[in-house]
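Dear colleague,

Please find the structure below, together with a short account of what was found in it.

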Amino acid sequence: MSLVVTGATGQLGRLVIDALLATVPAESVAAVVRDKEKAADLAERGVELRIADYDHPETLAGAFEAGDRVLLVSGSEVGRRVPQHTAVIDAAKAAGVAQLAYTGVLGGDEADFDLAAEHKVTERLILGSGLPYTFLRNGWYTENYTANLAPVLAHGAVVANAGEGRIASASRADYAAAAAAVLTGPAEEHLNKAYELSGDTAWSLAEYAAEVAAQTGREITYSNVPAEAHLAILTGAGVPAPLAEILVDVDRAVEHGALARRTGDLARLIGRPTTPLAVTVEEALDRS
């Protein structure tokens, strides 16, 4: 049996591998990756590489083995994720894996924003497969904001159409630690369960702007604009229209409270408080 992470060279996948290697021997960990070269550092750490591609189902035939505990990290290509995930689910079922954990979205089947649509379909496909499952319904990553600090600092403003909505985010490393805990913990504790994962504190974009201002000593404001204006700003800055539309829709969801839920599941799984907004902002500024 191996602990298998798909999408292992992605931002979340790598952090899950790190979290696993902190608690289990490297020889018990396998990484499913498209590019062997990009995963060379994982191989050097003793992780088994299994080369496969979500877009080529035939390559997934050898990606899993009977008894494996698998983490399906959701694909990053919006609009293509359902066939990609279907290929992984089918391969996992054919192999007879012991657990298929999936990184979905906070709210699960009740989430009512566009970005959730493919996640909801994937959960239904997993349920229909009959595989033992764990749904990791991840809330928003704080890095979704802090990774975009350059324009905030350049223009002195956080621009969005989220109103006074709040976001119970956590760091990407927090979500990775939860995934590792589910893969390494006693199976009976996690099988056929759904965890609603979010940060301990919900904050507004005005508070985010104030935190960046406090840490930089600059004047940073929150500019709440109509959705149409935000869409025009994003596309004018070169963001592809489909992605810009998703970002605008997420802001609508934030305004309506879809990402504000503080469930406590994430802190319970990782055994500590979730990473505060201020810490992730500080880390991002240190890297900039």
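Contact here means heavy atoms within 4.5 Å. Helices (H or I, at least four residues) and strands (E, at least two) are DSSP runs, numbered from the N terminus. Axes are lines fitted to C-alpha atoms, for helices over the stretch in contact, and angles run from 0 to 180 degrees between N-to-C directions.

The model is predicted, so that local features need pLDDT of at least 70 and side-chain atom pairs count only at pLDDT 80 or more, while totals for chains, interfaces and linings use all residues. Residues are numbered from 1 along each chain as its sequence is written, and side-chain values use heavy atoms, with hydrogens and water left out.

Seven strands form an open sheet in the order 3-2-1-4-5-6-9, with parallel pairing (two strands pair if DSSP finds at least two bridges between them). Strand 3 (48-51) and strand 9 (193-197) stand at the edges with a single partner strand each, so one side of each has no neighbour in the sheet. On average, neighbouring strands of this sheet are turned by 20° against each other, direction ignored. Four parallel bridges join strand 2 (residues 29-33) to strand 3; Leu49 in strand 3 is the bridge partner of Ala31.

Helices on the sheet

Helix 4 (residues 117-129) lies across strand 5 (99-105) and strand 6 (133-138), and runs at about 160° to strand 5. Helix 7 (residues 172-184) also packs on the sheet, where it touches strand 1 (3-6), strand 4 (69-72), strand 5, strand 6 and strand 9. The direction of helix 7 makes about 155° with that of strand 4.

A helix pair

Helix 10 (residues 227-236) packs with helix 11 (residues 241-255) at an angle of about 145°, their axes being 9 Å apart. From helix 10, Ala227, His230, Leu231, Leu234 and Thr235 meet residues of helix 11 that include Ala241, Ala244, Leu247 and Val248. By class, this contact has seven nonpolar, two polar and three charged residues (Ala, Val, Leu, Ile, Met, Phe, Trp, Tyr, Cys and Pro count as nonpolar, Asp, Glu, Lys and Arg as charged, and the others, Gly among them, as polar).

With kind regards
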